[in-house]
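Try each one yourself before you read the solution.

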Amino acid sequence: MLDLKLTNARIRTVDDDRPAATALGVFAGRIAGLDGDIADLPARTTVDCGGAVVVPGFGDAHNHMAWFGQSLSEVALEEAATLDEVYAAVARRAAETPDGAWVVGSGYDDTVLGAHPDRAGLDRAAGGRPVWLKHRSGHMCAVSSAVLEAAGAATAAVPDPEGGVIVRDPSGTPTGLLQERAQELVTALVMPYPAAELAEAVGRASRVYAAEGLTHVTEAGIGRGLIGRTPVEAAAYQLARERGLLRTRVQLMVAADNMHPLHGHPEDGIETGIDLGLRTGFGDDVLSLGPMKIWLDGSLIGRTAAVTEPFCDHGHGTGVYQNDPEEMRALVVAAHRAGWRVAAHAIGDDAVDLALDAFEEAQRALPRPDARHRIEHAGVVRPDQLPRLAAAGAVPVPQPHFLYTVGDTMAAALGPSRRDWLYRHRSFLDHGLRVPGSSDRPVAPGAPLLGMESMVERISSGGTVLSPDERVPAETALRAYTLDAAWAARDEHRRGSLTPGKLADLVVLDRDPVTEGPIGSARVLATLVGGACVHGADALPGLAAAAG
């Protein structure tokens, strides 16, 4: 007997061998069959979908789940259009904050505000309380004098840390803006966070994700490092699972800062890694270890991405590297030799060159033809780099909705001659590469349907079509957020399409995102993970019986 049978549905399987169906059966958390396979089988629960559309569960190949979950309880600055609005929001939160407690906000964008908040303005708004405002990129933050003083960085005498910048006024005094690894001066004051607190944050994020149709996400960097929350961050995800807070499957990237020398048997070839020799692939269908994540450069929004030619609107800057390039290259090679997949954050084209150099050296040292090493963001890719990406078998992981939310400022940074290199898609496909869907949330809104729409339209919030030749059809966009996202995580054998034997992760929509646009306006009616309804149990008669 089936556990669940969906009937009277318009099913897009994303399986080329069997692209459409009207009925689907679930048994023991997996797809038992379609249409005639299950027509005569009884089911404990039968749901008439009333002509609703069913597609595979959506995946997000690059997000920051704990960061996003925490941001839901912080001062929301995404909609702030002026500095005065930022200071007013800080003042409101400060008025309800005990003396000495921090005011924390997230999501401000200096390209919208016209400038970054400064320490003097934050001091006035918060009455001298510690204030920490996180830029939407995650690559910089603005803090008040109280924070700078606690971090020992309030005067002109303090040097810039390696891989970071303490921005200063003409007299050399810190303004309160900290870029890249200079942010660690602040995070050292507040971290590590308790695992229980992070588990709750993950749970908050997971509820949002389920409502958007996400059934699997890749957390792009846990533990020590640029955006890590605690050296024991994996324990927070495990705790969220144990407490029933986790409604999505999660693959965890381990930040490169967690890697250290290991002393196993020489025949093992494992000289670098994390304790016990755990590596990519450890775990199960719900929670597993993914690639090692290494940040090579900075942010295109913040003009800290490593580019070969200077930015057009930022003096003569060409960005920064997070560490010595040769040391980072050597770490990528060592991780490859130890059996890890590698996810290299490389936004600027110079950083993409470094990532490709490292991948090529790694394969020469120890060939692993299907390693599926990844280039996270691949934001600026020159034409001559496309064949190298293909030859290396690298997986580009761009964020399409960046084009809408911050595309105009990115285009301004690059200028007309480089604008067509921005967050490519069609060019990658034309070179035989697979491109998973991802968001980098909370840097940009993470609803998969919005990401698909941006893949198809490539329209900025200012109304500019960015690189129209890089557009893809709606069906390709759906595949990016389903089967290609699964492939990028090496999970294509168990999810990503509605194929018998795969996990019963699926989304019920009010219309077909391929033929009944606009895609971003389609509504998620219900989300099922392993056949259990994790969102929308009241959307269809009988579905409540499948609630997880």
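**Exercise 1.** Work out in which sense strand 8 and strand 15 pair, and then look at the other partner of strand 15.

*Step 1.* Strand 8 (residues 58–63) runs parallel to strand 15, and four bridges link the two. Strands and helices here are DSSP runs (E, at least two residues, for strands; H or I, at least four, for helices), numbered from the N terminus. To count as paired, two strands need at least two DSSP bridges between them. Asp60 has Val217 of strand 15 as its bridge partner.

*Step 2.* Strand 15 also pairs with strand 16 (residues 249–255), again in the parallel sense, over five bridges. Here Glu219 has Leu252 of strand 16 as its bridge partner.

*Step 3.* Buried means under 20% relative accessible area, exposed over 50%, and partly exposed in between (1.4 Å probe, protein chains only).

A quick note on the source: this is a predicted model, with residues numbered from 1 along each chain as its sequence is written. Local features need pLDDT of at least 70, side-chain atom pairs count only at pLDDT 80 or more, totals for chains, interfaces and linings use all residues, and side-chain values use heavy atoms, leaving out hydrogens and water.

**Exercise 2.** Decide whether Ser145 is buried or exposed, and find its polar contacts.

*Step 1.* Find Ser145 in helix 5 (residues 145–150). Its relative accessibility is 12%, so Ser145 counts as buried.

*Step 2.* Now check the side chains for polar contacts (N or O atoms within 3.5 Å; within protein, one able to donate a hydrogen and the other to accept it, with sequence-adjacent residues counting only if both atoms are side-chain atoms). Ser145 reaches the side chain of Arg119 at 3.0 Å and that of Asp123 at 2.6 Å.

**Exercise 3.** Find the buried residues of helix 11 and say how they sit around its axis.

*Step 1.* In helix 11 (residues 385–392), Gln385, Leu386 and Leu389 are buried.

*Step 2.* They lie on the same side of helix 11, because their arc around the axis (taken from the directions from the helix axis to the C-beta atoms) is only 105°.
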